[in-house]
Amino acid sequence: MVTTRSAYIKQIDQLDGHVSVIGQAVVEDIRNTALAIGEGNKAAAQEVADGHDAFERLHRNVEDTCMSLMLLQQPMASDLRLVTASFRAISDLARIDEMAYETALLSMEVDLGTPKEVADLLVAMADNAAKMVLQAVESFGSGDVSVAENVFVEDDAMDKLYEKVRKSVVALLKAGEEPASVAPEILSVAKYYERMGDHAQSVSDWSIFRATGSYRGRTMGE
């Protein structure tokens, strides 16, 4: 019984670290996609692709730990909030990384030929997504609700950037300056970044839940 309890406490203590490690890996992958798009750095995109399987294994292992804690240990109160929030936050981070992976593949497999003004907007979206993930993960570890809430403000900027990309691509198409064949891929990349912002908001939601016990205005158990 003592050994089991000791293992439980160790797993609980490690969850914060797991979320932080996964969050940092996601941020690095997002930044590498920015290098691939903004500078044509194929090595950066390849790094994202090469690390995908290892990331997935880490993600699944941590999810398995959370499920084991919930099903076998039946944690109470703050421990339950931590396990639940960790499970959901890690799932959101994994979705973000999957989109970074898809973006990296697109940058390697398709010659986007992105005009500089559009590439600069995509890089700005990537930078904003990385910033949002960093803030969400920081708030998860620190319990600082104000940092989590700032992620929602940053998402407004992300939506505006996406709209700028869309309008720029349409304008270039009308002017005959943008190859029609790759326009869908460029817009797909922009949409990936916009959705990364949505998932970063979700991580922030779970950070607030962990800190307060409330999720989107509802208290656990209501």
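**Exercise 1. Is V169 buried or exposed?**

Solution. The model is predicted: local features need pLDDT of at least 70 and side-chain atom pairs pLDDT 80 or more, while totals for chains, interfaces and linings use all residues. Residues are numbered from 1 along each chain as its sequence is written, and side-chain values use heavy atoms, with hydrogens and water left out.

- Step 1: apply the classes, where buried means under 20% relative accessible area, exposed over 50% and partly exposed in between (1.4 Å probe, protein chains only).
- Step 2: V169 has 2% relative accessibility and therefore counts as buried.
- Step 3: V169 belongs to helix α6; helices (H or I, at least four residues) and strands (E, at least two) are DSSP runs, numbered from the N terminus.
- Step 4: list the contacts, meaning heavy atoms within 4.5 Å. Leaving aside residues up to four places away in sequence, V169 touches V118, A183, I186 and L187.
- Step 5: V118 is 51 residues from V169 in sequence, with a C-alpha to C-alpha distance of 7.4 Å.

**Exercise 2. Find the aromatic pair and classify its geometry.**

Solution. 

- Step 1: rings of Phe, Tyr and Trp (its six-membered ring) pair if their centres lie within 6.5 Å; planes under 30 degrees apart are stacked, over 60 edge-to-face and the rest tilted.
- Step 2: this rule gives one aromatic pair. The ring centres of W206 and F209 are 5.4 Å apart and the planes stand at 85°, so the pair is edge-to-face.
- Step 3: W206 and F209 both lie in helix α7 (residues 183-212), three residues apart, about one turn of the helix.
- Step 4: W206 is buried at a relative accessible area of 7%, and F209 is buried at 5%.

**Exercise 3. Which residues does D92 touch, not counting residues up to four places away in sequence?**

Solution. 

- Step 1: D92 is in helix α4 (residues 77-109) and is buried, with a relative accessible area of 6%.
- Step 2: the residues touched by D92 are H199, S202, V203 and W206.

**Exercise 4. Where is H52, and what does H52 touch?**

Solution. 

- Step 1: H52 is found in helix α3 (residues 52-73) and is buried, with a relative accessible area of 8%.
- Step 2: not counting residues up to four places away in sequence, H52 touches D97, E98 and Y101.
- Step 3: H52 and E98 are 46 residues apart in sequence, and their C-alpha atoms are 8.0 Å apart in space.
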